[in-house]
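Reader: I'm new to this one. Can you walk me through it?

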Amino acid sequence: MLNRSQKASVFEVQDGTCQVFAVDGERVLRAKAALLPDPVAEDVTDLFKVLAHPTRVGILRALTAEPLCVCDLAQVLSLSVSAISHQLRALRQARLVECRMDGKLAYYSIREPLLLSLLDQVIEHVGGADR
């Protein structure tokens, strides 16, 4: 095994893998310390799975300005009330949105402001809303 302190010849990156096997024990320990416990990692991936649907992203973007009722969301996204309700159920179960009743109308709002920041950062990462 090659030690990192030894000089290895520089290879052109061909397939994105190491050309030699050399482990830096200190880096490995720091990386292991940064890992999440399995239950937390599962919760994080579950949250991203909920966000991995264009209609749900559209709902969240629509709710950034103000709370909207299910009927309003259906009009904004040009979908049926049933389709919107189905997607809202997933967002509600993930605790990303909350619902309040006003008479016979169900108004939804974003429950966690951090979600707005995350969504904005992802939009910027993929090239912005103006694309």
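Author: Let's begin with the core. This is a predicted model, and its largest nonpolar core has 21 residues.

Reader: Which residues have the most contacts inside that core?

Author: Five leucines: Leu-60, Leu-63, Leu-73, Leu-88 and Leu-91.

Reader: And which elements give two or more residues to this core?

Author: Five helices and a strand do. The helices are H2 (38-51), H3 (54-62), H4 (70-77), H5 (81-93) and H6 (113-125). The strand is E3 (105-110).

Reader: Take Leu-88. What does Leu-88 touch, not counting residues up to four places away in sequence?

Author: Leu-88 touches Ile-59, Val-70, Leu-73, Val-97 and Tyr-108.

Reader: Let's zoom out. How many helices and strands are there in the protein?

Author: There are 6 helices and 3 strands. Along the sequence the pattern reads α-α-α-β-α-α-β-β-α.

Reader: What order do the strands have in the sheet?

Author: The order is E1-E3-E2. The sheet is open and its pairing is antiparallel. At the edges are E1 (68-69) and E2 (97-102), each pairing on one side only.

Reader: Which helix packs on the sheet?

Author: H5 does, and it touches E2 and E3. The direction of H5 makes about 120° with that of E2.

Reader: Over how many bridges do E1 and E3 pair?

Author: Over 2 bridges, in the antiparallel sense. Leu-68 stands opposite Tyr-108 of E3 there.

Reader: What holds strands together in a sheet, in general?

Author: Strands of a sheet pair through backbone hydrogen bonds.

Reader: New topic. Where is Gln-87 found?

Author: In helix H5.

Reader: Is Gln-87 buried or exposed?

Author: Gln-87 counts as buried, because its relative accessibility is 9% and the cut-off for buried is under 20%.

Reader: What about Asp-72? Where is that found?

Author: Asp-72 is in helix H4. Asp-72 is partly exposed, with a relative accessible area of 33%.

Reader: How far apart are Asp-72 and Tyr-107?

Author: They are 35 residues apart in sequence. In space, the distance is 9.2 Å, C-alpha to C-alpha.

Reader: What is phi of Arg-95 near?

Author: Phi of Arg-95 is near 60°, again a positive value in a residue other than glycine. Arg-95 lies in the loop between H5 and E2.

Reader: Are Ser-78 and Arg-95 buried or exposed?

Author: Ser-78 is exposed, with a relative accessible area of 64%. Arg-95 is exposed too, with 58%.

Reader: Last one, on the whole protein. What share of the residues count as buried?

Author: Of the 131 residues, 22% count as buried. The protein exposes about 10,000 Å², and carbon and sulfur atoms supply 55% of that.

Reader: And what share of the contacts with a separation of 6 or more comes from residues 24 or more positions apart?

Author: Such residues account for 43% of those contacts.

Terms used. Residues are numbered from 1 along each chain as its sequence is written. This is a predicted model: local features need pLDDT of at least 70, side-chain atom pairs count only at pLDDT 80 or more; totals for chains, interfaces and linings use all residues. Side-chain values use heavy atoms; hydrogens and water are left out. A nonpolar core is a set of buried Ala, Val, Leu, Ile, Met, Phe, Trp, Tyr and Cys residues joined through side-chain atoms within 4.5 Å. Buried means under 20% relative accessible area, exposed over 50%, partly exposed in between (1.4 Å probe, protein chains only). Helices (H or I, at least four residues) and strands (E, at least two) are DSSP runs, numbered from the N terminus. Contact means heavy atoms within 4.5 Å. Two strands pair if DSSP finds at least two bridges between them. Axes are lines fitted to C-alpha atoms, for helices over the stretch in contact, and angles run from 0 to 180 degrees between N-to-C directions. Accessible areas come from the Shrake-Rupley method with a 1.4 Å probe; for residues, only the protein chains shown count as cover.
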